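This report describes a single protein chain.

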Amino acid sequence: MISRCSHSHKMIKFLFLFSLLVATAAISQTACSAPASDETTNSAAQVEVTNSAADVSTLSPQDALAKGTKLLESGQTEKAIDVLLKAVESDPKLADAYFQLGVAYALIEKRDAAKAAGDVEATPTPKDKKTKEVKSNSEMAFEKAVSGYKKIISADDEDGAAYFNLGRAYNKLNEDEDAAKALKQAVKINSDDTEYQTELGAILIKLAQYHEAIDPLKKALEIDPSNTRAEELLGDAEAGRKRIDYASPKKDEKDKKDVGSANTNANLSPSDSSSNKAKPITQRSPKPAFPMNRPN
């Protein structure tokens with residue numbers, strides 16, 4: 001009897017421990033599976049973003065522009081190009097799409113140039129002087145953007161955004177004078193836009209017009225004191241102005257000395273000559289005249 005009770009007691013104890021182990025394993029499995037579920041959700045979201053450029057045939061040009069811009073901002077440059085190309089194919093007048101396409105192509109070109117520079121086996125190919133230089137994809141896209149913005153302006157010459165974007169497109173093409181003209185017009189139309197003022201200040205600094213750059217940058221900070229880019233550019237403009245103002249007095253002093261010396265030589269009277277006696281003219285071979293080297 002005692003043996004049977006002991007056996008039953010052991011069996012009950014075994015079943016209790018077994019149940020406890022099963023419950024513990026179930027809890028552990030649930031805890032481990034929760035992050036996996038989150039990870040699966042995140043992966044699905046990432047796949048959705050990655051494949052967002054897959055089907056653009058049904059998108060309107062404006063929707064394609066918006067989607068391509070988002071892809072570009074997220075670093076998916078190649079996919080952004082595919083979507084933006086769809087936008088300009090559907091609407092060749094869509095200047096903003098050409099501008100974003102230019103930005104995307106410029107990023108690819110910069111990456112490829114850096115890769116080529118790091119390739120030690122790459123050897124430069126001699127250029128044929130008769131061969132015209134081929135424009136890059138980014139240049140062609142920005143030129144299309146310029147053309148598109150000009151058409152917008154021709155229809156409405158009070159469109160400040162069109163002038164602003166035209167200036168940015170010219171800047172990308174390094175046509176800085178035209179960029180400054182367009183940005184000045186944008187600021188004239190909408191002087192209360194901190195971004196317009198900042199971009200104008202930046203292009204004037206690029207043109208080394210430091211004095212002129214200070215006012216729009218100060219205006220940009222007046223509109224938005226948190227505009228850190230305008231603050232940094234203002235520092236650059238003031239430093240450039242100081243360099244010019246420091247160099248100008250020295251140049252003016254040098255010019256005055258040169259003018260004074262020239263006047264002194266021009267006003268010499270006959271009595272200032274070392275000898276007033278006429279000297280006989282001796283026939284000799286003329287010596288070549290060497291112009292006097294004057295300091296720049």
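The text below takes the chain as a whole before turning to its parts.

**Overall fold**

The model is predicted, not experimental. Its chain contains ten helices and zero strands, so that the pattern along the sequence reads α-α-α-α-α-α-α-α-α-α. The chain has 296 residues, of which 26% count as buried. Taking contacts between residues at least 6 apart in sequence, 54% join residues at least 24 apart.

**Helix H4 and its surroundings**

Helix H4 covers residues 95-118, which makes 24 residues. From first C-alpha to last, H4 reaches 35 Å, close to the 34 Å expected at 1.5 Å a residue. Its buried residues are Ala 95, Ala 97, Tyr 98, Phe 99, Leu 101, Gly 102, Ala 104, Tyr 105 and Ile 108. These buried residues pack against four helices: H2, H3 (77-90), H5 (137-155) and H6 (160-172).

Thr 69 is located in helix H2, which spans residues 61-73. Thr 69 counts as buried because its relative accessibility is 18%, under the 20% limit. The side chain of Thr 69 comes to 2.7 Å from the backbone oxygen of Leu 65. Beyond its neighbours within four places in sequence, Thr 69 is in contact with Leu 84 and Gln 100.

**The nonpolar core**

The largest nonpolar core has 55 residues. H4 provides the largest share of this core, eight residues. The residues with the most contacts inside the core are Leu 166, Ile 203, Ile 205 and Leu 217.

With neighbours within four places in sequence set aside, Leu 166 is in contact with Val 146, Tyr 149, Lys 150, Ile 153 and Ala 182. The C-alpha atom of Leu 166 is separated by 9.7 Å from that of Lys 181, a residue 15 places away along the chain. Lys 181 lies in helix H7 (residues 176-189). At 58% relative accessibility, Lys 181 is over the 50% limit and therefore counts as exposed.

**Helix H9**

Leu 217 is one of the buried residues of H9, together with Tyr 210, Ala 213, Ile 214, Pro 216, Ala 220 and Leu 221. Helix H9 (residues 210-223) has 14 residues, which should span 20 Å at 1.5 Å a residue. The C-alpha atoms at its ends are 20 Å apart, so the model agrees with that expectation.

**Salt bridges**

Side chains of opposite charge can pair when their charged atoms come close. The whole structure contains six salt bridges.

| Pair | N to O distance |
|---|---|
| Glu 78 and Arg 111 | 2.7 Å |
| Asp 176 and Lys 206 | 3.1 Å |
| Lys 219 and Glu 222 | 3.9 Å |

The salt bridge between Glu 78 and Arg 111 links distant parts of the chain, with Glu 78 in helix H3 and Arg 111 in helix H4, 33 residues apart. Glu 78 counts as partly exposed at 41% relative accessibility, and Arg 111 counts as partly exposed at 45%. A network of salt bridges links Glu 78 and Arg 111 with Asp 112.

Asp 176 and Lys 206 also form a salt bridge, and this pair too links distant parts of the chain: Asp 176 is in helix H7 and Lys 206 in helix H8 (residues 194-206), 30 residues apart. Is Asp 176 buried or exposed? Asp 176 is buried, as its relative accessible area is 15%.

Lys 219 has 25% relative accessibility and counts as partly exposed, whereas Glu 222 has 59% and counts as exposed.

How values were computed:
Residues numbered from 1 in each chain as written. Predicted model: local features only at pLDDT ≥ 70, side-chain atom pairs only at ≥ 80, totals over all residues. Heavy atoms only, no water. Helix = DSSP H or I, 4+ residues; strand = E, 2+ residues; numbered from the N terminus. Buried < 20%, exposed > 50% of the residue type's maximum accessible area, 1.4 Å probe, protein only. Contact = heavy atoms within 4.5 Å. Polar contact = N/O pair within 3.5 Å; in protein donor to acceptor, adjacent residues only side chain to side chain. Expected span 1.5 Å × (residues − 1). Core = buried A, V, L, I, M, F, W, Y, C linked by side-chain atoms within 4.5 Å. Salt bridge = Lys/Arg side-chain N within 4 Å of Asp/Glu carboxyl O.
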